[in-house]
Amino acid sequence: MSVAGASDPGRAWLPLVLIVSLFFLWGGANNLNDVLIAQFKKAFVLSDFRAGLVQSAFYLGYFLIAMPAGIYMRRFGYKSAVIFGLALYGIGALLFWPAAQMATYGMFLAALFVIASGLAFLETSANPFVTLLGPPETATSRLNWAQAFNPLGSIAGILIGQHFIFSGVEHTPEQIAAMSQAERAAYYASETNAVQWPYLVIGVVVLCWALLILVTRFPRPITTHAASASSAVGGGVMGRLLRDKLFLGALLSQFFYVGAQVGVWSYTIRYVQASMPSMTHREAANFLTAELVCFMLGRFAGAALMKYAAPVRLLMTFAAINVVLMLYALAVPGLTGACALAACSFFMSVMYPTIFALGVEGRGDDERKLGSAMLVMTIIGGAVLTAVMGAISDHSTIADAMIVPACSFAVVGLFAWRRGRTTRSAS
């Protein structure tokens, strides 16, 4: 495959920068959810399970909209899908203002669903687009480099939440019970309204970015004759993908990986405060920031290591290390357990882009676009497994809930082992 205009660096650099910026933008949205879980738990007095519905509503949007996004992209192209996704993202962020005015948890969940719908369009279009911007043999490494900008957005999201959403005012249940009804209502209202201005600014920035992309000329991906012919052979595109055991393995692996990543980050603040009760929300958020720094460093390190080690081998090794780290966090809650969670993020870093690239590797344009949409749909794992972790935490402890990501990383490791064995057999 080739990209029209990609050979002209003077014309191609701006579209590439704009596409890579999308990884930053959706990273911020994803990890602001980790702050919202802690904030809404306090503002609406929620259980861990109900607070986890923040992620459920968010990733349900990915699941339901990814396939329509893929169909839209096949019909109207990458650029149109990106603009439409940014519009939904911006509108969802602006909906936080009326949601706070209404002080309704369900309205916040609806706004998050709209944001996630926009991000489904962005991820469905941006990930496969990056794999087309160069030789097929370096597609996995190239996507890892692009994804390295995602944790920068994640760190920005956490810092926004830490300094502009978290108030630093945290009352014990006894103190809240001692308040008058008016004082209690004022406290909850102030905590709810804290999200208004940050999300208003985000919404305006995202909509302005959509306008910038609208007026920028983008190169069009062009499939070669061989790729088009391959796409036409056999039955329907969906049928061919669902009969492909390697692709099904990528879907399952991505489901469990995203569930593990979202679950660990969503409950890091909860884990730190439960094992070190003297920590405030703001202080505990520093561990989440450390996780995202480790994640960013892991992205760059992983992309560099892929010059010397096969991506599938690196994926298997990193998954095995994370199983050990999760079991340690489960068995030894406290400072060292929290450090294990942070270290886990370094080794999570290569998983999403590597699984994604392996899933669409060597496919024609139609299979690549539809396969990309199906891989984005697996992000529903973030909704399912985060809720499972919340339920385990409510009935046991948040440390015990780390068994869920431990098992999830084992599934990723098994996928990498089987994929590597299949590749060696083919060779």
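Predicted model: local features only at pLDDT ≥ 70, side-chain atom pairs only at ≥ 80, totals over all residues.

## Helix α3 from end to end

Let us begin with helix α3, which covers residues 53–76. With 24 residues at 1.5 Å a residue, α3 should span 34 Å, and its end C-alpha atoms are 33 Å apart, so the two values agree.

Where does α3 bend? The bend is at Ile65 and amounts to about 40°. A proline, Pro68, follows within four residues of that point. After α3 comes Gly77, which has a positive phi near 95°.

## How α3 meets α4

Two packed helices are described by the angle between their axes and the distance between the axes. For α3 and α4 (residues 78–94), the axes come within 7 Å and cross at roughly 135°.

Which residues of the two helices touch? On the α3 side they are Tyr72, Met73 and Phe76, and on the α4 side they are Tyr78, Ser80, Ala81 and Phe84. Sorted by class, this contact has six nonpolar residues, one polar residue and no charged residues.

## Two loop residues with a positive phi

Most residues other than glycine have a negative phi. With that in mind, take a look at Val45, a residue other than glycine whose phi is positive, near 55°. Val45 sits in the loop between α1 (9–43) and α2 (48–51). Its relative accessible area is 55%, so Val45 is exposed, the cut-off for that class being over 50%.

Ala103 is not a glycine either, yet its phi is positive at about 50°. You will find Ala103 in the loop between α5 (96–102) and α6 (105–132). Is Ala103 buried, partly exposed or exposed? At 43% relative accessibility, Ala103 counts as partly exposed.

Thr378 belongs to the loop between α20 (365–377) and α21 (381–395). Its relative accessibility is 9%, so Thr378 counts as buried; the cut-off for buried is under 20%. Leaving aside residues up to four places away in sequence, Thr378 touches Leu251, Gln254 and Phe255.

Helix α21 has 15 residues. From its first C-alpha to its last, α21 reaches 21 Å, close to the 21 Å expected at 1.5 Å a residue. Among the buried residues of α21 are Gly381, Gly382, Leu385, Met389 and Ser393.

Gly203 lies in helix α11 (residues 196–214). With a relative accessible area of 0%, Gly203 is buried. Gly203 and Ile91 are 112 residues apart along the chain, and their C-alpha atoms are separated by 6.5 Å. Which residues does Gly203 touch, not counting those up to four places away in sequence? They are Gly90, Ala93 and Leu94.

Now turn to Leu159, which is found in helix α8 (residues 150–165). Leu159 has a relative accessible area of 36%, so this residue is partly exposed. Leu159 and Ile115 are 44 residues apart along the chain, and 19 Å separates their C-alpha atoms. Again not counting residues up to four places away in sequence, Leu159 touches Phe164 and Thr289.

Conventions: Residues numbered from 1 in each chain as written. Heavy atoms only, no water. Axes fitted to C-alpha atoms, helices over the stretch in contact; angles between N-to-C directions. Contact = heavy atoms within 4.5 Å. Nonpolar A, V, L, I, M, F, W, Y, C, P; charged D, E, K, R; others polar. Expected span 1.5 Å × (residues − 1). Bend = angle between axes of the 7 residues up to and from the residue. Buried < 20%, exposed > 50% of the residue type's maximum accessible area, 1.4 Å probe, protein only.
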